[in-house]
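User: I am new to reading protein models. Can you take me through this one in short steps?

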Amino acid sequence: MTLTVRPAGPGDAADICALLNAVDVIEIGRPETDLGTVESDLNAPDVDLATDSWLAFEDGRLVAYALVWADSGPGRVDGDHYVLPGHHEAAVLLLERMEDRAREINAGPGVLRLQLNVEPTIDLALLSGRGYRTIRRYQVMTRSLSAAADPAPAPPEGLVLRHCGDDESDRHRVHALVEETFADHFGHVRRPYESWLDHIEGRRLDWSLVWIASLPDRGDVAVLLTRDDRTSMAWFSHIGVRKDVRGRGVGGHLLRHGFAVYAARGRDTVGLGVDTHNATGALALYEAHGMALHYGVDAWELALHPQG
């Protein structure tokens, strides 16, 4: 067996996508990775493929892929690591490359963070043996949609929704609401407007599928940011409600509004991710509106030191 490693290039996107979908089938039962997502990752402004990506081949077959990036602030590097079962040497080699690169990026103490399925293809004993520890669990939740079951909901008294369209001022409002409503959420990364815009538009965001909610006595109070660029399902990226209006049915209305919009667009499934320790009660809200566990994700973190 011959093991070789090289950086990824834009022309590798289709092969990487096929590898990730093979991992999806093993971990969650069906392929859910789109080529556009892989292409966006490879073209991210914070990634230099020559130093931040790796492909591992065994006898010419792609068996593992890894990528690191640093857009979450000083001291933290994030990474993706995918490997087919039974390829331990490739898994270790890519972890070593990721960790070395993360140390270079941090140039001092910091962390490398990975998000992995709760039952991943990688050997969890390998991670724990290298010093990684789990720090958080997330759920990817889904719900079936239909035009008959998901009509447009009546809003709470006084609540008005508007979509963003091409209005630059509304995009600034969306940014401000995301920063305010997610400020206390674990792992939230604060970004200036231009950086945040680059980050969310990297995957061809349709602004007509983003809504701001307002109340006559409170102004803009909530935001729903959604995406329709996944083959497998529609996706709710952010549902944020200001603290002073929580408990008034705003979050539930945003959910039902999103369900109705995507049902009318012909989508049969919608999904979102939620921190299981979210202090706002988001998990219970989603469950109350018919969303159920699709699969779980654990965040793993390795403390990095310059000397290894």
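Analyst: Two strands count as paired if DSSP finds at least two bridges between them. Keep in mind that this is a predicted model.

User: How many bridges join strand 2 to strand 3, and how do the strands run?
Analyst: Pairing takes at least two bridges. Strand 2 and strand 3 meet that, and they run antiparallel. Within this pair, alanine 56 stands opposite alanine 64 of strand 3. The number of bridges joining the two strands is 6.

User: Which residue of strand 2 is the bridge partner of threonine 4?
Analyst: Strand 1 covers residues 3–6. Its link to strand 2 is antiparallel, with 4 bridges. In strand 2, the partner of threonine 4 is phenylalanine 57.

User: Is aspartate 59 buried or exposed?
Analyst: Aspartate 59 sits in the loop between strand 2 (53–58) and strand 3 (61–69). Its phi is positive, about 50°, although it is not a glycine. The cut-off for exposed is over 50%. Aspartate 59 has 56% relative accessibility, so it counts as exposed.

User: Which loop holds alanine 107?
Analyst: Alanine 107 is not a glycine, yet it has a positive phi of about 50°. Its relative accessible area is 69%, so it is exposed. Its loop lies between helix 4 (88–106) and strand 5 (110–117).

Key
Residues are numbered from 1 along each chain as its sequence is written. This is a predicted model: local features need pLDDT of at least 70, side-chain atom pairs count only at pLDDT 80 or more; totals for chains, interfaces and linings use all residues. Side-chain values use heavy atoms; hydrogens and water are left out. Buried means under 20% relative accessible area, exposed over 50%, partly exposed in between (1.4 Å probe, protein chains only).
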